[in-house]
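The following account is intended to be read alongside the sequence and the three-dimensional view. Please keep both at hand while following the text.

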Amino acid sequence: MIESYIPIFLVIGFAIVFAFGVLLSSTAFGPQRPTSEKSSTYESGMKPVGTTRERVSIKYYMVAMLFIIFDIEVIFVYPWAVQFKKLFSEVGISVFYSMLVFLVVLELGYLYVYKKGGFRWD
Amino acid sequence: MINNAQEFYNALPILIIGTGILISLLIEIYAEKRKIFQPWISIIIFIAAGSYALLSIEQKSTLFMNMLATGGNVNVFYFIFTFGAAVVTLLSINYLKKYGANYGEFYILVQLSVLGMMLMAGAKDLIVIFLGLELMSVSFYALAGINRKRLKSNEASLKYFLLGAFTTGFTVYGIALIYGTVGSTSIDLIAEKFIELSNNFLFITGLLLFFIGFSFKIAAFPFHMWVPDVYQGSSTTVAGLFSTGGKAAAFSAILITLGALFTAGGAHTFTPYLAVLAVLSMLYGSIVAIAQSDIKRMLAYSSIAHAGYLIIGLAAGNYQGIAGIIFYLAAYTFMNLGAFGIVSLIEGEEEANLDIKSYAGLAAKYPMLAALLSICMFALAGLPPLAGFFGKYYIFIAAIKADLTWLAIVGVFSSAISVYFYLRIVVLMYFKESEKDFVVAHNSTGLLAVIISVLLVIVFGVAPGTIINLISSFL
Amino acid sequence: MSLEIILFVILGGVAAVTSVIVITRPNPIISALFLVLNFASLAGLYLLLNAQFIAVAQVIVYAGAIMVLFLFVIMLLRPGNEEKIFSRNPVVKIIASIVAGVVFLQIVYMIFFTSPSNSVTGEVSASVNAGTVEAIGRELFTNYILPFEAAGFLLLAAAIGALVLAKKKFE
Amino acid sequence: MQIPIEYYLILSAFMFIMGIVGVLTRRNAIIVFMSIELMLNSANLTFVAFASYMGNTIGQLFVFFVMAVAAAEAAIGLAIILALFRNKMTLNIDEVNILKW
């Protein structure tokens, strides 16, 4: 069973090797003549000020938080879509209605968030 | 899903609330005068669902592929949740303006939490209990912090959330172990295999972890630390909902699982554990409540003590105990809501007048409020002939029948302690001079809500026999 | 040593080590990064257990969820806000770790004592079919419709609650 | 299946206890929250292990719902932390103490 995943593991392994390999090879083979100017932090030519651990105001936090919720919604739709034809012939229209109710509930939530300006940039 | 008309009628209470949430959401999105509409619509929805639940109380059935039970005591719980929430909504109409958080979402979140409670009360599968519990908790976290500008409210919701999510972890892990040993999450199947598995450590650990998760929600002793802070920090009406609806829902879920185990003959497996929990909750709650100066904190500690009395019924492990718990929960819901209601009426802007001293001399200024609060306090203290007395009476009788007389005696002792701090307020109101001068704003809806709950307390006190017979007939 | 055992040792080891790192690093950013690794190794373990769809869902959901957590850490962390664990009240915390160790040993003992592998019948072919999208979809839309709809309402409650609590300008 | 289920259970018990220790010892609200996520995920691992050793789909479905719950809690929890941070500018739960704890 697990053998059937070998291609996936190969891809993951290749990705890791490639990512690290490129980085490492550039440090290994590239010419390195560091000066104090070069190794300082690059801030568009200005003198670097302050620490790197600064609070950053992220304006889209509302969207990010709501994304978690609607991400889950999609995960629920996926098995439904895969099985819909088969279940429709066996169980009937109720398969459709149950997903309809779920989507109506969540899309009303989406509409609510939209109307209240949850996606606005402020 | 739903196959015929009868099943549809049986599912109506839960369907009404579900549809009601969507209607309220549409109103919140589109209606111009939503601030006026919103609470009344949700009150109508609650009363419709609750009344229908009472009317169809004889229709026992299981729905949704054996996921949800209806009829019998499930509908009694539906009545408790919906009418309790209706009272809370009625109280909140004017209170929220004073409190500075008059959002329409408040009412939607209350409805969502009631939906969660109803799922817990009717569940036939651990997954439904779990999702109902989470639906209720998530709404509660939001309700606790609804006054976003006030630091106290933020703090209450953070504490509630962190501890609540922590115990959710225990519940889920417990369910995982139960599932692993039984092979299913259906409560009927778990009860079937209970005898066979009662020597299996993993199974017992799973059940214990599951109950630890619920001990948190019912505010039993070692898991109580959040209670006073959350009640004090969140709005008074919402605190009333936490202490009544939340507690009743958690108990309903415990009764479902334990009740299933009773039929399988496992009634006394947890008696020692439950007895210790009951004694600690009762004594701790009653004794610490004496030292409180803030009335909401006092009510919070008294709510811990009440959780202790209710656990006695569980420890008794017989059907009288279960019937007693359901009766007590119904009575406790309305007497506690009455008390929280009066507190919310007297509370001024910026959370003034929450000190117990503010109640001194209240009877001279506002005889009506003083009389109503006294009735609630007498009922909470368990003085006859009010509902609280009969609730305790039935539970203690059940304990004596189960050879747990010592537990009943500790219970009586603890109620004697609690009489002190309940009656202290009555004495303050009637026999002390007023120290502070304040005006209680006129609030007709709030007063109406308090009167309704006090009337219900009196009704439960007048006719306890018929109600307990009704409840017992469904067991 | 089959492939399965090697993978279990690697993935399980990563999961165990990263869970320790998550709770001991003073800097929340490092904790968040190791949490990602922890969840990724769990996804690998789910694959080993023939739960293909759950593994994919784990990656999709937690990639998003952790990304958001990470965002919040960056947004809310004050410079110099890194706490030192075990510095405040070290004795209490050492006792806490000892208690945790004892509880863990107890659970290990309990697990071996009850030996659940005797009671569960390891039918590999059944478990391969149980973890597919088809099997999950079938079960979800025939027997588990009520929990499914309840999950919809749960997510609705979370959306409303998040908006009410966190939106900057709200009336 | 060559690996006995016990090893999966022990791994998940270890993660669960690490989660508990994290909640009890850490003071940063976000790290406490991460520890809670660890606990939920260890329960998920238990579910999946039992489900696949029994050839049973229900456990995997439960994991699905636990993920939904974790997402809902993440959204609401982060919103609460953010609301608190706006008023108080701290993530340390020991500094959050106007109410007696």
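The model is predicted. Along the principal axes, the C-alpha atoms of chain A fill a box of roughly 75 × 50 × 15 Å. Of the 122 residues in chain A, 20% are buried.

Chain D is likewise built without strands, having three helices and zero strands in the order α-α-α along the sequence. For its 101 residues, a compact globule would have a radius of gyration near 13 Å, whereas the value for chain D is 17 Å. The box filled by the C-alpha atoms of chain D, taken along the principal axes, is roughly 55 × 25 × 20 Å. In chain D, 76% of the 101 residues count as buried. Among contacts in chain D with a separation of 6 or more, 44% are between residues 24 or more positions apart.

How do these two chains meet? The contact takes six residues from chain A and nine residues from chain D. On the side of chain A that touches chain D, five residues are nonpolar, none is polar and one is charged. A helix pair can be examined here: helix α3 of chain A, residues 61–90, packs with helix α3 of chain D, residues 58–88, at an angle of about 165° and with the axes 8 Å apart. Angles over 145 degrees count as roughly antiparallel, and α3(A) and α3(D) are therefore roughly antiparallel to each other. The crossing of α3(A) past α3(D) is left-handed.

In α3(A), the residues that take part are Tyr61(A), Met65(A), Ile68(A), Ile69(A), Asp71(A) and Ile72(A). Their counterparts in α3(D) include Met67(D), Ala68(D), Ala71(D), Ala72(D) and Ala74(D), together with Ala75(D), Leu78(D), Ala79(D) and Leu82(D). By class, this helix contact has 14 nonpolar residues, no polar residues and one charged residue.

Chain D also touches chain C, in a contact that takes 60 residues from chain D and 68 residues from chain C. The elements of chain D that give two or more residues to this side are α1 (5–25), α2 (29–54) and α3. The largest share, 19 residues, comes from α3(D). By class, the side of chain D that touches chain C divides into 45 nonpolar, eleven polar and four charged residues.

Two residues deserve attention for their backbone geometry. Most residues other than glycine have a negative phi. Met65(B), however, has a positive phi near 55°. Met65(B) is found in the loop between β1 (61–63) and β2 (68–70) of chain B. Because Met65(B) has 14 C-beta neighbours inside 10 Å, Met65(B) counts as partly exposed. The phi of Asn50(C) is also positive, near 60°. Asn50(C) lies in the loop between α2 (28–48) and α3 (52–76) of chain C. With 26 C-beta neighbours inside 10 Å, Asn50(C) counts as buried.

Key. Residues numbered from 1 in each chain as written. Chains lettered and ligands numbered in written order. Predicted model: local features only at pLDDT ≥ 70, side-chain atom pairs only at ≥ 80, totals over all residues. Axes fitted to C-alpha atoms, helices over the stretch in contact; angles between N-to-C directions. Helix = DSSP H or I, 4+ residues; strand = E, 2+ residues; numbered from the N terminus. Parallel < 35°, antiparallel > 145°, perpendicular 65-115°, else oblique. Left-handed = near helix turned anticlockwise from the far one by under 90°. Contact = placed C-beta atoms within 7 Å. Nonpolar A, V, L, I, M, F, W, Y, C, P; charged D, E, K, R; others polar. Rg over C-alpha atoms; globule rule 2.2 N^0.38 Å. Buried ≥ 20, exposed ≤ 12 C-beta atoms within 10 Å, placed from the backbone.
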